[in-house]
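Dear colleague,

Please read the notes with the model open beside them.

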Amino acid sequence: MEASAVAALTGVLQGLMDAENGNFFVGAVPLNDYPDYTSIIKRPMDLLAVKNKLAAGDYKSAEALARDVRRTFLNAMIYSRTRFAIVAKTARALLDRFEADLARARRDTPALRSPSLSEPRRAKACAAALSAVKKHKAEGGKRPLASPFLVALDPSRFIGYELIVKKPMDLVKVEARLKGSGGDRYATVADFVRDVRLTLSNALRFNQALEDMAENGIRCAAVELCRLFDDHCGAAGFDVLPCDTWRDCCACTDALLRACDDRGMVEEMLLFLFPINYYFNGGEPPNYGKHVKVRTSVSEALARVLEGKTRTDVAFLRDMLRIFQNCETYWRAMRKTEPEDAATYIDYAQKCGGLLVEVAGEVFGPEVVALARDKEYAPGAKRGGS
């Protein structure tokens, strides 16, 4: 990174370290004092380690540093939530501050903004990443995995596609914009990366078929190509990497789908795979918007991770839990007018939500799930004293 970017990020880190109780997060947790720490926290991190890595030039992008800072505070919330309330609540407050300070640093520091594609070196790196995605084959495969993603789908051939995929994108269109064909050229690296990820995440949005659950070939190809693209982005130092545990988020979704299949809960889970308007011909149930403020679905929750909109495993789990909470909230409000349907769908939501908690505990650990379920530590929640 350029010197001005390093200086700006150093200032952000120092502000966190100098904040009230910021010393809680400076230096590694002493394992002699907390012997169970590594059994709960799988990726230890602290602000001093982040600062040292920045000074040593170990970070190729601000987003790589941001992932470590987020991990520092999430670790503190996960471990300390039921042990040391002041540590957990300070971590939540400083995480909010970090996001605001980082956004401000990016606005004020040109070197922290997404780089322009006018520089040949960056354009060449983007072209190389796209080429790798287009040519990649599975082991023993005869054709590239990207074949289904080269051109836009014909919505008339796929029922409900336009209701699920709001922004169609394909790799041929991405390549044309990268080259500037027709005068439509990407301005920044972030614009290019956004559309590649959008192409692959759209495949996840639409391909959540319960007939073959997590074994869906197109879905698996999208995940593998996103992993490959992620590696190329990291090697090139692009400041647009997704959630540092997005592979775990994919694993959690796969485990949930498989568990539903194994336990005969296909009918129940089917209701939560896609946006609500998919099931109501583009509309919504009566008064749905009155009772449900944040709409989501399994396909949307995972797609947002791959698009970089969801940045942590805890945020992903909150998104997933909200799917079933939305269903319960709506049908509890409708119990007087539609008691039979309400009883059925509340039961479905509770069964599938309970299964999510179970499989997420196996993937992320029960402490991570507990934090995701704790409303006090949700973004924007009102926080009391320690």
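What percentage of the 386 residues of the chain count as buried? The share is 48%, where buried stands for a relative accessible area under 20%, exposed for over 50% and partly exposed for what lies in between, using a 1.4 Å probe and protein chains only.

Before the details, two remarks on how to read them. This is a predicted model, in which local features need pLDDT of at least 70 and side-chain atom pairs count only at pLDDT 80 or more, while totals for chains, interfaces and linings use all residues. Residues are numbered from 1 along each chain as its sequence is written, and side-chain values use heavy atoms, with hydrogens and water left out.

The overall picture comes first. The chain has 17 helices and zero strands, these being DSSP runs numbered from the N terminus, with helices (H or I) of at least four residues and strands (E) of at least two. Its radius of gyration is 22 Å, close to the 21 Å from the globule rule for 386 residues, so the chain is as compact as a globular protein of that length; the radius is taken over C-alpha atoms, and the rule is 2.2 Å times the number of residues to the power 0.38. Along the principal axes, the C-alpha atoms fill a box of roughly 60 × 55 × 40 Å. Among contacts (heavy atoms within 4.5 Å) with a separation of 6 or more, 70% come from residues 24 or more positions apart.

Helix H1 (residues 3-18) has 16 residues and spans 22 Å from its first C-alpha to its last, close to the 22 Å expected at 1.5 Å a residue, the expected span being 1.5 Å times one less than the number of residues. Its buried residues include Ala5, Leu9, Val12 and Leu16, and their cover includes helices H3 (47-55), H4 (62-80) and H5 (85-108).

Helix H10 (residues 217-236), with 20 residues, reaches 29 Å, close to the expected 28 Å. Among the buried residues of H10 are Arg219 and Asp230, together with Leu225, Leu228 and Phe229, and the cover over the buried set includes H6 (120-135), H9, H11 (246-262) and H14 (298-306). After H10 comes Gly237, whose phi is positive, near 75°.

Arg205, in helix H9 (residues 189-206), counts as buried at 7% relative accessibility. Leaving aside neighbours within four places in sequence, Arg205 is in contact with several residues, including Phe274, Glu300 and Glu307. Arg205 and Lys166 are 39 residues apart in sequence, with their C-alpha atoms 10.0 Å apart.

Asn326 sits in helix H15 (residues 313-333) and is buried, with a relative accessible area of 9%; with neighbours within four places again set aside, Asn326 is in contact with Tyr288, Val292, Val294, Arg295 and Thr296.

Finally, Gly365 lies in the loop between helix H16 (339-364) and helix H17 (366-373), and is buried, with a relative accessible area of 17%. Gly365 and Ile41 are 324 residues apart in sequence, yet 8.9 Å apart in space, C-alpha to C-alpha.
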